[in-house]
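These are my notebook entries on one structure. I set down what I looked up, topic by topic.

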Amino acid sequence: MKKTSKIVAVVLAALLVVAAVAVLAACGEPEHAAYGYVHSNGVAKATVEFDSEGKIVAATLDEACVPTQVKPSAEEAEANADYIVNGFWKTVKWGDVTAVYDADAKAYKVGEQLLISKGAEDSFFALNAEGAARAKAYFEAVAANKVIVVTAAGEKSDIMTAEKLLKSKNGYWSTNLNGKLGWQANVEKTIAYVLEHGVDGTLTLDGTWKDADGVDTGATWSDMMNYFNLFKAAAGK
């Protein structure tokens, strides 16, 4: 079966855009996946599966934090003084990409591009087709434990691991706070809505996110539309 890809850019609330790549698996039942910038600190992968009548019957969502999520320990900092900048690992690699922490920008950069910048079309994970493809490559490198940190002892793949970078594994926003559900609880609410109601609706925030028919998703995260639009992209909408 020929491998195909579909690149989708969706306009979000507050002038945000999520650029995503929908990918069909090369054999067997097609997996519909979308990748893209979703928050101030990561890129996500959303997947959907359909039954024979075109209804979404399965969905997943996960998110990979950018390298600033993982800081060296005191022991690592002492042993790697020349490889750390402002308390962050200086050089991180995946695939053919090298990201370097810039002290002035207070962020990682690839060449002259900021790795991630909310709404910036000139960042590495820009909200466009090219940025979405880069988001896919980064997410898959994280999931496969192929993010490399340059240290005094050489290049290491056991520092920025999937356990530390994937929000499904690292305990990111693990508890409810100020009336807002944590990350995993919001994922579950969002997926439950997608399975029950699909991705054709529009959502607005009124304490929790509700669709135009008044159906309450139960989700409380402020970036709901980023994630919901990734599901739309994965479904080819």
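Which residue stands opposite K93 in β12? I found I148 opposite K93 in β12. The model is predicted: local features need pLDDT of at least 70, side-chain atom pairs count only at pLDDT 80 or more, and totals for chains, interfaces and linings use all residues. Residues are numbered from 1 along each chain as its sequence is written, and side-chain values use heavy atoms, without hydrogens and water.

Entry on the sheet. I noted that β8 (residues 91-94) and β12 (residues 148-151) run antiparallel and are joined by 2 bridges. Strands are DSSP runs of E of at least two residues, and helices are runs of H or I of at least four, numbered from the N terminus. Two strands pair if DSSP finds at least two bridges between them. The open sheet has 6 strands in the order β11-β10-β9-β8-β12-β13, with antiparallel pairing. At its edges I found β11 (113-114) and β13 (154-156), each with a single partner strand, so one side of each has no neighbour in the sheet.

Entry on helix α2. I compared its span with expectation, which is 1.5 Å times one less than the number of residues. The 15 residues of α2 should span 21 Å, and the end C-alpha atoms are 21 Å apart, which agrees. Buried residues (under 20% relative accessible area, 1.4 Å probe, protein chains only) of α2 include G131, A135 and Y138. After α2 comes N145, with a positive phi near 55°.

Entry on F125. Beyond neighbours within four places in sequence, F125 is in contact (heavy atoms within 4.5 Å) with residues including W94, G131, A135 and Y138.

Terms used: Buried means under 20% relative accessible area, exposed over 50%, partly exposed in between (1.4 Å probe, protein chains only).
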